[in-house]
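Keep the model open beside you as you read.

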Amino acid sequence: MTNILLADWETPFALPPFGQIDDGDFGPAIDAALEIARAAVAEIAANPAPATFANTIEALECADDKLSKVLGVFFNLASADANPAREALQRDVSPKLAAYSAEVTMNADLFARIEALWLARDTLDLDAEQARVLLLTRRRFMRAGALLEGGDRDRLKAVMQRLAELGTEFTQNLLSDEREWALELSDSDLAGLPGFVVAAARAVGEERGAGGPVVTLSRSLITPFLMFSSRRDLRRRAYEAYVARGANGGATDNRAIAAETLKLREERARLLGYETFAAFKLETEMAKTPEAVRDLLTRVWVPARAAAEADASILENMLHADCHEGPLEPWDWHYYSQKRRQAEHDLDEAALKPYLQLDRMIEAALAVANRLFGLEFSPLDVPLYHPDVRAWEVTREGRQMAVFLGDYFARGSKRSGAWCSAMRSQRKLGGEVRPIVVNVCNFAKPETGTPALLSWDDARTLFHEFGHALHQMLSDVTFESISGTSVARDFVELPSQLYEHWLEVPEVLAEFAIHAETGAPMPDDMRARLLGAATYDMGFQTVEYVASALVDLAFHAGPAPADPMQKQAEVLEGIGLPRAIRMRHATPHFAHVFSGDGYSSGYYSYMWSEVMDADAFAAFEEAGGAFDPEMAGRLERFILSAGSRQDEGQAYVDFRGSLPGVEALLRGRGFVDGAA
Ligand SMILES: [Zn+2]
C-alpha cells in the first residue's frame, strides 16, 4: 500500500489528510522522499544535454517537491504537537537532511551546469525573477564551498565540523553554569518580593530539595528577583552570578571557545574568498556591509545613550532617597526602574485583560487584512491535527488565496514561543500552488464556557505572527525558493513587526478591544496608559542591546581578536557605555553569536527590522493614515507578494521611495529630544 504522505491528497484544498496519517508513516515517507530527491538531482547532474535554465535550475527547484510536502507536515506536527515518536524521528531526520543538502551543494557536475548558466546569463533571455533565482542558487552553492577543491575543501569541512562542536560546547557550558548556581533565601531575604515570586522560588526550592525558597539563574526567576528584591546586597550577588555565566573558570568557561570560534570563522570566510566573516555573513542580507550596520547602530546609539543617562540620574536619586550612597549600579537598575514604572505607568493587568479577548483579537487581525488587502476569511470545517486548531479559507474577489490555520492555545505537546510556518508554500512553477499557512501561539486556554483573554504582549504576538502569515498568503512568485518569507534574515521581520502597528490604531482598538462581559470599548485613559507604557525604559533596553550588537560586529568585521574579552572592553570603552548598564549578552554567554552562527554578525538585525517597521508605518501615516489604500497596494506589490524576487534593499526603496531612516524609530522609542 502506498504511504499516504506520498500520495496525492484528495482532500479539500489538498490539505494534509491528518486523520489518515499514522506517526509510523513519517519515517519511511521521509526516506523515500529523500531517495526521490537524490535521484532527481543525479538525473539533472548527469543530463547529457547542455544546461538550460529549465533542465537545471527549474528541475532543481522541483527535485525536492515530495520531500517538502512530507516535511511541511512533519515539522509542523513535531513543533506544535510533539510526542515521543515525533521527537525521536526529528533527531533522526536532522542529520539526514544536512547530509543530503551537503551532497547537493558539493555535487561538482551539478555545479558545473549552474556555473555554465551563470557565465552565459546575458544570452539566456531570462526574466528578472529567473535571473534572481539563478544568482541565488549559484550563491548558495558557492557559499557552501562548491568552488573549493582538494585541500581547501577538506579544510573547510574540518573547520565546519569543529565550529559545530564549539557551538554545542558553548551552549552546554552555559546551561551547566546556569544550573550550578543557586541562592537560598531565608525569611528576611524575601523583602520586597511579591507573592508570585516567592511562590516560584519555593517551587524551585522544593524541586531542588532545599529547605526553603531558592533563586536560580533561570530568566523567569532572576528577572523578577532583580526587579523586586529590596535587598541591595542580594541583588548584587544574584546579578554578578548572572553576568558571570560562561566566565567562571574551570571546565565550563566559554572564553577560550569564543576565541577559537572567531578564529575559525575568519578562516572559513577566507577559504570562501571573503575578507572577513562579517563580509561573508552580510552578503546575503539587506544591510550588505559592516559599515551599513555600524552606521545604523551608531545613529540609534547616540540618542539612546542620552535617554539612558537621563533615566539613570532619576533612578540614582531614588537610590539616594533610599539612604544608599554612591553611584547607581547595574544591580539597581531593574529595581528602581520597576518602582518608577509603577508610579508613572500603573497598568492593572487584571482590568486590562477582559478587553483583549482572543476571538475579538483574531477578528481584528483578519479585519485589518480585509481593509488593507481585500482578503476575506471564511471558517472551514475540515479535519485538522488537533481539536484546538481553527481553519479559514482565504479568498479575494472569489479567488482562492490560501488556507490559514490558527493554533492558539498552549499545551504540553507544543514547544514554547510563537511562530508562523507554511505547511505548503506558494509558487507558480508547474501550475499555481496556493499556500497553507499556520500561526502557532501559546496563549492560556480558558475553562470551558469562558472566553480566552490575552495580555497586551499576547495580542501583539498574535498580530506579529499574522503579519508573517500575510507574507506567505499574499506571495505571488514563480519559484518556491524565493516565495513568502524566504527573504534575507534582516528583512523577514518587517511584515510581522509592521503589522503590530495596526493593533495600536485607535479605531481598531475601539472596535475590537471590547469588554468580555459588558461589551464596552476600552476606556481612552486605559488605552493611553497602555501605549505610553510601551516606550518606558527604552533608553536602557536600546543601550544594552546596541552595545551587544556593536561587540558582535567588531568580533567579525576585522581580524579575529586573540582575546575577545579585551576586544569587548575596547568596544564598550569606545562607545562610552553608561556605568549602570552592561551588555545585554556579554561574550561568555552570548548564545546568539556563539551557540551557532545564526545570529553571528547578525545580532543587529532585530534593530534593523525595527527601524524599517517604524519607517514603513510612518509611510502610511504620512500618506493618508493607517489604511491608506495606495500605501497598502505598494506594500503588497513590493514586499508582501514579492518574496525575494528582487534584492531586499531595492524592494524597500520601491515601496517607500528611499531606504529607511531612523527618525521614526527614535520617535517610537521616545528619544525624539535626543535625535537632533
Ligand atoms: Zn517574527
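Ser601 is buried, because its relative accessibility is 2% and buried means under 20%. This serine sits in the loop that links α24 (591–594) to α25 (605–623). Its backbone deserves a look too: phi of Ser601 is near 45°, a positive value in a residue other than glycine. Please bear in mind that this is a predicted model.

Ala14 also has a positive phi, near 50°, and is likewise a residue other than glycine. Ala14 belongs to the segment before α1. With 30% relative accessibility, Ala14 counts as partly exposed.

Moving on to the helix itself, how do α1 and α2 cross? The axes of helix α1 (residues 23–46) and helix α2 (residues 53–63) come within 9 Å, crossing at roughly 175°. That makes the two helices roughly antiparallel, because angles over 145 degrees count as such. On the α1 side, the contact is made by Ala37, Ala40, Val41 and Ile44, while α2 brings Asn55, Thr56, Ala59, Leu60 and Ala63. Sorted by class, this contact of α1 with α2 holds seven nonpolar, two polar and no charged residues.

Another residue of helix α1 is Ala29, which counts as buried at 0% relative accessibility. Leaving aside neighbours within four places in sequence, Ala29 is in contact with Asn3, Leu5, Leu6 and Val70. For a sense of scale, the C-alpha atoms of Ala29 and Glu517 are separated by 49 Å, and these two residues are 488 apart along the chain.

Helix α5 (residues 108–119) holds Trp118, a buried residue with a relative accessible area of 16%. Not counting residues up to four places away in sequence, Trp118 touches Leu134, Leu135 and Arg138.

The accessibilities of several residues are set side by side here.

| Residue | Relative accessibility | Class |
|---|---|---|
| Ala29 | 0% | buried |
| Ser601 | 2% | buried |
| His468 | 8% | buried |
| Trp118 | 16% | buried |
| Glu493 | 23% | partly exposed |
| Ala14 | 30% | partly exposed |

Which protein atoms are the donors of the zinc ion? They are His464 (NE2), His468 (NE2) and Glu493 (OE), lying 2.1 to 2.2 Å from the ion. Along the chain, these donors follow the spacing H-x3-H-x24-E. His468 lies in helix α17 (residues 456–473) and Glu493 in the loop between α18 (489–492) and α19 (494–503), so this pair ties together parts that are 25 residues apart in sequence.

Finally, the nonpolar interior. In soluble globular proteins, nonpolar side chains tend to be buried together. Here the largest nonpolar core has 133 residues, and those touching the most other members are Leu462, Phe466, Met473, Phe491, Tyr499, Trp502 and Phe655. Helix α22 (residues 538–556) gives the most to this core, with twelve residues. A second, separate core has 60 residues, among them Leu71, Phe111, Val133 and Ile482.

Beyond its neighbours within four places in sequence, Met473 is in contact with Phe377, Val394, Met401, Ala402, Phe404, Arg434, Pro435, Val437 and Phe466.

Definitions and conventions
Residues numbered from 1 in each chain as written. Predicted model: local features only at pLDDT ≥ 70, side-chain atom pairs only at ≥ 80, totals over all residues. Heavy atoms only, no water. Axes fitted to C-alpha atoms, helices over the stretch in contact; angles between N-to-C directions. Helix = DSSP H or I, 4+ residues; strand = E, 2+ residues; numbered from the N terminus. Parallel < 35°, antiparallel > 145°, perpendicular 65-115°, else oblique. Contact = heavy atoms within 4.5 Å. Nonpolar A, V, L, I, M, F, W, Y, C, P; charged D, E, K, R; others polar. Donors = N, O, S within 2.8 Å, 3.2 Å for Na, K, Ca; no water. Buried < 20%, exposed > 50% of the residue type's maximum accessible area, 1.4 Å probe, protein only. Core = buried A, V, L, I, M, F, W, Y, C linked by side-chain atoms within 4.5 Å.
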